[in-house]
Amino acid sequence: MKCAEFQECLFEWLEGRLEAAEIERMRSHAAGCLRCQELEELATGDAGLPAVEPPSNMVASILAQTTGGACDRALLLVSERLDAEAAGSAEAVGSAEVDPLLAMHLESCVDCAMLAGALERMQRELPAMAEMEPDSGFVADVLAATIGAAVPARADTPVQAVTPAPRIASRPSFDWREWVQSLPLAAPAHAFFERLAQRPRLAFEGAFVGTLAFVLVIGLPSAGVAELPSRLIAEVRQERLEVQSAVAENLGRATEAGRAVWSTSTDRLGERLGQYVSFRPDTAGTRSRLADILGRWRQASMEIATHLWEGDFSAAFARMWRLWAAPWRGDGNEEGSSVSGAEHQDSQRYQS
Amino acid sequence: MELETLLERCRAGDELAWEALVRRFQGRVFALAYHYLRNREEARDVAQETFIRIFKSLDGFQDSDRFLPWMVRIARNCSIDRVRRLKVRPPLGGDELDEQTVGPHPGAGPEAEAMAGERSHLVYRALDQMTEINREMILLKEIQGLKQREIADLLAIPLGTVKARSNRARVELARCIVEIDPSYGA
């Protein structure tokens, strides 16, 4: 045996994986080779060196800087193994090499050992929580609500007469539900619509329906200005107009179109609301007052929009302030002329 | 009696069979409703509503192997509807529990009942600290014993998600329980 071969086989020898003949060969080589003999003594700990214990937190420190710890993995493996055991599977989760490693981790990690114990205990105890006894009259109430049977009620209350409900046997000969359920694709369609109804998108659907209602009642707000950009680009491409003059001209058109859209939208909204108010079973006086208030609001919103469009923000905010301060009145300038004495009293009453 | 026979007789209009079915599954339906509502009276109403729905749809239900997940689905839907209607709190968010309200069948004996009530109380407190989806995973898989495929169908999520989430939920519950009572895992 040569030194290189001795060094290759040294760890297999120490781990007990060599046969007796091989071990004898290595011993005879070490007896005659001082260097290999020292190597063997170092590897087996017979060299007389003092034993040094590594710091207790060294493993945790190394793991923290490399893989980040194996506790999560170990606990998941414990959980999966419990699942496999519960399913009666012969093969434990993972390969045969995993189990000793898991056992080693659980031996060295107190927290994981405790959690593994908790997982095993949960596995035994949680299924017992699947059932809870309701009170003694529950079955009687269910039967009364379904088949109308007066079965013995709870002990502390007398038997009450129940309203007869349709009995199972007295169903009509043709049941449209049975017919629908017998159709092909009925079950998948039912499951689909059930899932559709359960999905948590109510807010989106509400927003969609609200927008749809707005468009149906008032129309598309951008309808008047939608074609302006494409028209502007087409005109500039055809070089019919200079860019600046085209922009100026189309901005003017856009302004007019925007005003028209706003005016049309508010008119329609007022019209619809007016129609709605007119259907209310109120007195004629209330109807006319509400219609008057709506008209004033429409007028005020038009004025505010015009001020904003023209960039006169102070006037817009002043008008908004007047509207906020006295929402049932018109512009403060014409307050006295438009509100009669009786209406003013009504306004005071509304305000109070 | 076998469940298939029982269902068959229920569909044929046998009132005794229907009573036996209600008696057999009342504890499970009531426990499910209680898990979501944490109130005995509300849970009782929801359990009753669940059985009424089951009664109305029993004719169209044929596969007895799928009866349990079907019943759990109905109970869950009724419970969630009630929780939404009450607008009180999310499922399993909760009242202070009465230990007498949770536990096994009354026939288990007073000592066993008291111990089981204490354990259930601990589990409910731990469940309250978990996320809603993990709570539901624990409820459906660990407590009600549904299969992963059935849970995936019920919650309309992929099977792989159920597999991954169920283990994580179980580990999370173990952590919460040990945090409350370190002696639980000893």
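Modeller: Two residues are in contact if their C-beta atoms, placed from the backbone, lie within 7 Å. This is a predicted model, in which local features need pLDDT of at least 70 and side-chain atom pairs count only at pLDDT 80 or more, while totals for chains, interfaces and linings use all residues. Residues are numbered from 1 along each chain as its sequence is written, and chains are lettered from A and ligands numbered from 1 in the order in which they are written.

Biologist: How many residues of chain B are in contact with chain A?

Modeller: On the chain B side there are 45 residues, in contact with 38 residues of chain A. Helix α2(B) supplies the largest share of the chain B side, 11 residues; helices here are DSSP runs of H or I with at least four residues, numbered from the N terminus.

Biologist: What is the make-up by class of the side of chain B that touches chain A?

Modeller: That side has 24 nonpolar, 11 polar and 10 charged residues. Ala, Val, Leu, Ile, Met, Phe, Trp, Tyr, Cys and Pro count as nonpolar, Asp, Glu, Lys and Arg as charged, and the others, Gly among them, as polar.

Biologist: Why are α8(A) and α2(B) called oblique to each other?

Modeller: Their axes, lines fitted to C-alpha atoms over the stretch in contact with angles from 0 to 180 degrees between N-to-C directions, cross at roughly 135° and come within 10 Å. Angles under 35 degrees count as roughly parallel, over 145 as roughly antiparallel, 65 to 115 as roughly perpendicular and the rest as oblique. The two helices are therefore oblique. Among the residues making this contact are F138(A) and L143(A) of α8(A) and W18(B) and R23(B) of α2(B).

Biologist: What makes A156(B) buried or exposed?

Modeller: With 11 other C-beta atoms within 10 Å, A156(B) is therefore exposed. A156(B) lies in the loop between α7 and α8 of chain B and has a positive phi of about 55°, although not a glycine. Most residues other than glycine have a negative phi.

Methods: A residue is buried if 20 or more other C-beta atoms lie within 10 Å of its own, exposed if 12 or fewer, and partly exposed in between; C-beta atoms are placed from the backbone.
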